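Here is a short briefing on one protein chain. Keep the sequence and the 3D view open as you read.

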Amino acid sequence: MRELAREVLAGQEAWVVGGAVRDELLGREIVDLDIACADPKGAARAYAKRSGGAPFPLSERHGAWRVAVEGGRTVDFTPLPGSIQEDLASRDFTINAIAIPLAGGEPVDPYGGRKDLEDKIVRPVSPSVFTDDPLRLLRAVRIADELGFQVDPGAEELVRERAALVTRPSGERTYAELARLSEAGYRRAAELGLLAPLGGSIDGLDREGLVDSPRFRLVVVFGEALSRLPVPNELLRYARALLGAERPTDGSPRAIHRFRRATEPWALDALAFVGALELADAVRDARERDPAEPLLRGSELGLPPGPEIGRLLELVEEERASGTIETREEALELVRRELESAGAN
């Protein structure tokens, strides 16, 4: 990615900045590239034309552009209206305020970011970084969490003092930071006072059998409050399945079928959520026994369209899962008896 950027911006002042420099110095894989230059829009379009990527504006207000390239990678072009020193002064943390000339050369590191990388410290560039953009409150915790660093003690105090500001950034930006936190990251955020204003709590993290996935942690930490954030619809469906799950009464085929009906395709995660992981094998066995075809279809019942058809088909499936019926004839007889019973009542 960098070589093509050099060709596109040949003869122009341009700097590799931000997380790309940090990750390179740490020996981490570089997935995204951030380049500061005089004409981000022009650079992005030229880069996209050469790479076959898709250019789009990241911020109309700030003039930043992004090119999405193959493999899920991105190249961001941000404005450089003044000197590189002025650009670095506007960044969040010292480890992100290091610049390397795109054409090659020595790093510019006015805030001791390389030393902080060695010491594994997340330190703000200035005391105003959290009020300038309160998302940085969460970002400080997230970066420390991902890199195995510590937040500078002075920065910790600033975070505690300004924790109430954590609700100000847009929900989309807040969710993007939260989704990357580990269990330890959530505990650290809570310790610094950042979760409670967002409706989160770490009480549920003490349960046994936590599923090691971002979405599971989000549901455990935020519960119903998760719906306040603009999360993907798939995550909302997942959250509703877990939050609405009731522990199976036992490990019988009928109880497992009912639990799966309410929670699939996330039944195993739902078992962990309700503290019933001892029934995981029963769920796996039930999945393996799932029939390829239903015993009956709605069109075979001879009833007008309506919810009654769904109820009867579900009854057939539950009895089949429970082992009380096995054939189409037995299913039809079950439906007949059910309809007679309903008519008698």
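A residue is buried when its relative accessible area is under 20%, exposed when it is over 50%, and partly exposed in between. R123 has 31% relative accessibility, so R123 counts as partly exposed. Keep that scale in mind: it returns in several places below. The model is predicted.

**Overall build**

- The protein chain holds 17 helices and eight strands.
- Its C-alpha trace spans about 85 × 45 × 30 Å along the principal axes.
- The radius of gyration is 28 Å, while a compact globule of 345 residues would have one near 20 Å.
- Of the 345 residues in the protein chain, 44% are buried.
- The protein chain exposes about 17600 Å², and carbon and sulfur atoms supply 49% of that area.
- Take the contacts with a separation of 6 or more: 60% of them join residues 24 or more positions apart.

**Nonpolar cores**

- The largest nonpolar core has 93 residues. Inside this core, F77, L178 and L194 have the most contacts.
- Helix α7 (residues 135–147) gives the largest share of this core, with seven residues.
- Which residues does L178 touch, leaving aside its neighbours within four places in sequence? They are L138, Y186, L195, L198, L218, F222 and L229.
- A second, separate core has 10 residues, including L312, V316, A331 and V335.

**A buried loop residue**

- L226 sits in the loop between α11 (214–222) and α12 (233–243).
- Is L226 buried or exposed? Its relative accessible area is 1%, so L226 is buried.
- Beyond its neighbours within four places in sequence, L226 is in contact with L218, V219, V231, L235 and A239.
- L226 and F149 are 77 residues apart along the chain, and their C-alpha atoms are separated by 28 Å.

**Helix α2 and its partners**

- Helix α2 covers residues 19–26, and its buried residues include A20, V21, R22 and D23.
- What do the buried residues of α2 pack against? Their partners are β1 (14–16), β2 (32–37), β6 (100–101), α5 (113–119) and α7.
- G27 follows α2 and has a positive phi, near 75 degrees.

**Salt bridges**

- How many salt bridges does a search of the whole structure find? It finds 45.
- D116 and R123 form a salt bridge through their side chains, at 2.9 Å from N to O. D116 has 3% relative accessibility, so D116 is buried.
- R258 pairs with E318 in another salt bridge, with the closest N and O atoms 2.7 Å apart. R258 lies in helix α13 (residues 253–263) and E318 in helix α16 (residues 307–322), so this pair ties together parts that are 60 residues apart in sequence.
- R258 has 43% relative accessibility, so R258 is partly exposed. E318 has 6%, so E318 is buried.
- The side chains of E264 and R260 also meet in a salt bridge, at 2.7 Å from N to O. E264 is partly exposed because its relative accessibility is 26%. R260 is buried because its relative accessible area is 13%.
- Some charged residues join in a network. Salt bridges link D92, R139, R142, E146, E177 and R180.

**A closer look at E319**

- E319 is found in helix α16.
- Why does E319 count as buried? Its relative accessibility is 12%, and the cut-off for buried is under 20%.
- The side chain of E319 makes a polar contact with the side chain of R254, at 2.7 Å.
- Leaving aside its neighbours within four places in sequence, E319 is in contact with R254, T324, I325 and L334.

Key
Residues numbered from 1 in each chain as written. Predicted model: local features only at pLDDT ≥ 70, side-chain atom pairs only at ≥ 80, totals over all residues. Heavy atoms only, no water. Salt bridge = Lys/Arg side-chain N within 4 Å of Asp/Glu carboxyl O. Buried < 20%, exposed > 50% of the residue type's maximum accessible area, 1.4 Å probe, protein only. Helix = DSSP H or I, 4+ residues; strand = E, 2+ residues; numbered from the N terminus. Polar contact = N/O pair within 3.5 Å; in protein donor to acceptor, adjacent residues only side chain to side chain. Contact = heavy atoms within 4.5 Å. Rg over C-alpha atoms; globule rule 2.2 N^0.38 Å. Areas by Shrake-Rupley, 256 points an atom, 1.4 Å probe, with all protein chains shown as cover. Core = buried A, V, L, I, M, F, W, Y, C linked by side-chain atoms within 4.5 Å.
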